[in-house]
Amino acid sequence: MDSLQTERIAARAADIVVTDDSLTVNFVDGRSISVPLAWYPRLVHGTRRERANWRIIGNGEGLHWPDLDEDLSVEGLLLGRPSGESQRSFQRWLNARGRRHE
């Protein structure tokens, strides 16, 4: 009996664009996806300069913002997953951030 196997093509990020309202990821295969920045509170609370300081990690499987301690997976973006960070964790981060920026 033959079984149907679904071919999984791994999407790899090539570039990103972050605006005040959205995060757009361009992939090496030519696709792009745009999601609301509101899905990622750390990015929303970051300055434009902090949001512009990003890098692609894991051979294109993730995105990292060192200034904001934020990591996103390409898979999560494609599945439409907003941030899974708890409100408590985010509040601790926000409080610590406020102390650093005073």
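Strands β5 and β6 form a hairpin with four residues between them, where strands are DSSP runs of E of at least two residues and helices are runs of H or I of at least four, both numbered from the N terminus. In the turn of this hairpin, Asp 69 has a positive phi of about 50 degrees. The two strands run antiparallel and are joined by four bridges; strands pair if DSSP finds at least two bridges between them. One of the bridge partners is Leu 72 in β6, which sits across from Leu 63.

The model is predicted: local features need pLDDT of at least 70, side-chain atom pairs count only at pLDDT 80 or more, and totals for chains, interfaces and linings use all residues. Residues are numbered from 1 along each chain as its sequence is written, and side-chain values use heavy atoms, with hydrogens and water left out.

Strand β5 (residues 62-65) meets β4 over three bridges in the antiparallel sense. Here Leu 63 of β5 is the bridge partner of Ile 56, and Leu 63 also has Leu 72 as its bridge partner in β6.

In β6, Glu 70 and Leu 72 make up a covered face, and Asp 71 and Ser 73 an uncovered one. In β4 lies Ile 57, which counts as partly exposed at 25% relative accessibility; buried means under 20% relative accessible area, exposed over 50%, and partly exposed in between (1.4 Å probe, protein chains only). Not counting residues up to four places away in sequence, Ile 57 touches Gly 62, Leu 63, His 64 and Asp 71, contact meaning heavy atoms within 4.5 Å. The C-alpha atoms of Ile 57 and Leu 72 are 9.6 Å apart, with 15 residues of separation along the chain.

β1 and β2 form a hairpin with three residues between them and pair in the antiparallel sense over five bridges. Within this pairing, Ile 16 stands opposite Val 25 in β2. β2 is also joined to β3 by five bridges, again antiparallel, and Asn 26 stands opposite Ser 32 in β3. The hairpin of β2 and β3 has four residues between the strands, and Gly 30 takes a positive phi near 100 degrees there. Five of the six residues of β2 are buried, so this strand is largely enclosed by the rest of the structure.

The largest nonpolar core has 19 residues. Such a core is a set of buried Ala, Val, Leu, Ile, Met, Phe, Trp, Tyr and Cys residues joined through side-chain atoms within 4.5 Å. The residues with the most contacts inside the core are Leu 23, Val 25, Tyr 40, Leu 43, Leu 63, Trp 65 and Leu 77. At least two core residues come from each of β1 (13-18), β2 (22-27), β3 (32-36), β5, α3 (74-78) and α4 (87-100). β2 gives the largest share, three residues. Leu 43, leaving aside neighbours within four places in sequence, is in contact with Leu 37, Arg 51, Trp 65, Leu 68, Glu 70 and Leu 72.

Tyr 40 counts as buried at 2% relative accessibility, whereas Trp 39 is partly exposed with a relative accessible area of 28%. A search of the whole structure finds two aromatic pairs. The rings of Trp 39 and Tyr 40 have centres 6.4 Å apart and planes at 70 degrees, so this pair is edge-to-face. Rings of Phe, Tyr and Trp (its six-membered ring) pair if their centres lie within 6.5 Å; planes under 30 degrees apart count as stacked, over 60 as edge-to-face and the rest as tilted.

For the whole chain, the four helices and six strands follow the pattern β-β-β-α-α-β-β-β-α-α. Of its 102 residues, 31% count as buried. Among contacts between residues at least 6 apart in sequence, 43% join residues at least 24 apart.
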